[in-house]
Amino acid sequence: MKKSPLARAGARTRILDAAEELFAQAGYDGSSTAGIAVRAEVPKGLVFHYFPQKIDVLTALIDERTSVEVLAEGDVEALPGDPAGTLSRLARRFPLRASPAMRRILFREADTHRSARERLRRVNAEVIHRARRALELALPGARGDTARLEVAAATFATVLLYQENLHQLTGQHVDTDAVADLIARALGP
């Protein structure tokens, strides 16, 4: 008899897979450990064996299935004289490594769960840092105008971070190249 892919995966992995699906669909509060166990095809007691409390499942998901890629200062890419192209390039190297389901979980749970909030803070700080540094490199004469560059970087970071949520709400995709062009125009020549 051939085992299903779910049966072949280890119990802990199946539990996390099930929790990721449920938390993305119904939220942390709308999901039960019993529901996780049923979806993972494991006894409920096994969920508690690996994760003594339901919050431990969420924490493990965030810790193990999301990461923030931090670039060294010299790794920030810029196109001198082309802030729009620089920001577009930055958008393609978004530093959050997570599935779409995990991104939904992070945003949904950030208001009520510290681990999700902290991960989003790290992503936001990294995107703002990269965008500001890239804009400084793309517009070398603008270095004295740090407040404007900071606002431009924060605005672009917000668009990048919330584009998936906006898509879910409106059904429309955010054109990050158009946003990059708009921000570059606002910074002026």
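Reply: The lining of the largest cavity has 4 nonpolar residues, no polar ones and 5 charged ones. Here nonpolar covers Ala, Val, Leu, Ile, Met, Phe, Trp, Tyr, Cys and Pro; charged covers Asp, Glu, Lys and Arg; polar covers the others, Gly among them. The model is a predicted one: local features need pLDDT of at least 70 and side-chain atom pairs count only at pLDDT 80 or more, while totals for chains, interfaces and linings use all residues. Residues are numbered from 1 along each chain as its sequence is written, and side-chain values use heavy atoms, with hydrogens and water left out.

Which residues line the largest cavity? They are Leu 71, Asp 75, Val 76, Glu 77, Arg 89, Leu 90, Arg 93, Arg 130 and Ala 134. Helices α6 and α8 each supply at least two of the lining residues. Helices (H or I, at least four residues) and strands (E, at least two) are DSSP runs, numbered from the N terminus. The space in this cavity is about 70 Å³. A cavity is a set of points, on a 1 Å grid over the protein atoms alone, where a 1.4 Å probe fits but cannot get out; a pocket is an open set with protein on both sides within 12 Å along at least five of seven lines; lining residues have an atom within 4 Å of a point. Grid points are joined across faces, edges and corners, and a volume is the space filled by probe spheres set on the points.

Arg 130, one of the lining residues, also figures in a pairing across the chain. Ala 72 sits in the loop between β1 (67–68) and α6. Ala 72 counts as partly exposed because its relative accessible area is 44%. The cut-offs are under 20% relative accessible area for buried, over 50% for exposed, and in between for partly exposed (1.4 Å probe, protein chains only).

Helix α6 has a partner. Helices α6 (residues 83–92) and α10 (residues 176–187) pack at about 145°, with their axes 8 Å apart. Axes are lines fitted to C-alpha atoms, for helices over the stretch in contact, and angles run from 0 to 180 degrees between N-to-C directions. From α6 come Pro 83, Ala 84, Leu 87, Ser 88, Ala 91 and Arg 92; they meet Thr 176, Asp 177, Ala 180, Asp 181, Ile 183 and Ala 184 of α10. This contact holds 7 nonpolar, 2 polar and 3 charged residues.

How many cavities of 30 Å³ or more are there? The count is 2. Phe 94, Leu 96, Arg 103, Phe 107, Leu 160, Leu 161 and Glu 164 line the second largest cavity. Helices α7 and α9 are the elements that give two or more residues to that lining. The largest share, 3 residues, comes from α9. This lining has 5 nonpolar, no polar and 2 charged residues.

Now follow α7. Helix α7 (residues 100–109) has 7 of its 10 residues buried, so it is largely enclosed by the rest of the structure. The buried ones are Ala 101, Met 102, Arg 103, Ile 105, Leu 106, Phe 107 and Glu 109. They pack against α2 (11–26), α5 (54–65), β2 (96–97), α8 (114–138) and α9 (146–170).

Phe 23 is placed in helix α2. Phe 23 counts as buried because its relative accessibility is 0%. Beyond its neighbours within four places in sequence, Phe 23 has contacts that include Leu 58, Leu 61, Ile 105 and Arg 108. Contact means heavy atoms within 4.5 Å. Phe 23 and Arg 108 are 85 residues apart in sequence, but 9.0 Å apart in space, C-alpha to C-alpha.

Last, the open space. The largest pocket has a volume of about 170 Å³. Its lining is Phe 107, Ala 110, Asp 111, Arg 117, Leu 120, Arg 121, Asn 124, Leu 161 and Tyr 162. Helix α8 gives the most to this lining, with 4 residues. By class, the pocket lining has 5 nonpolar, 1 polar and 3 charged residues. Phe 107 and Leu 161 line this pocket, and both also line the second largest cavity.
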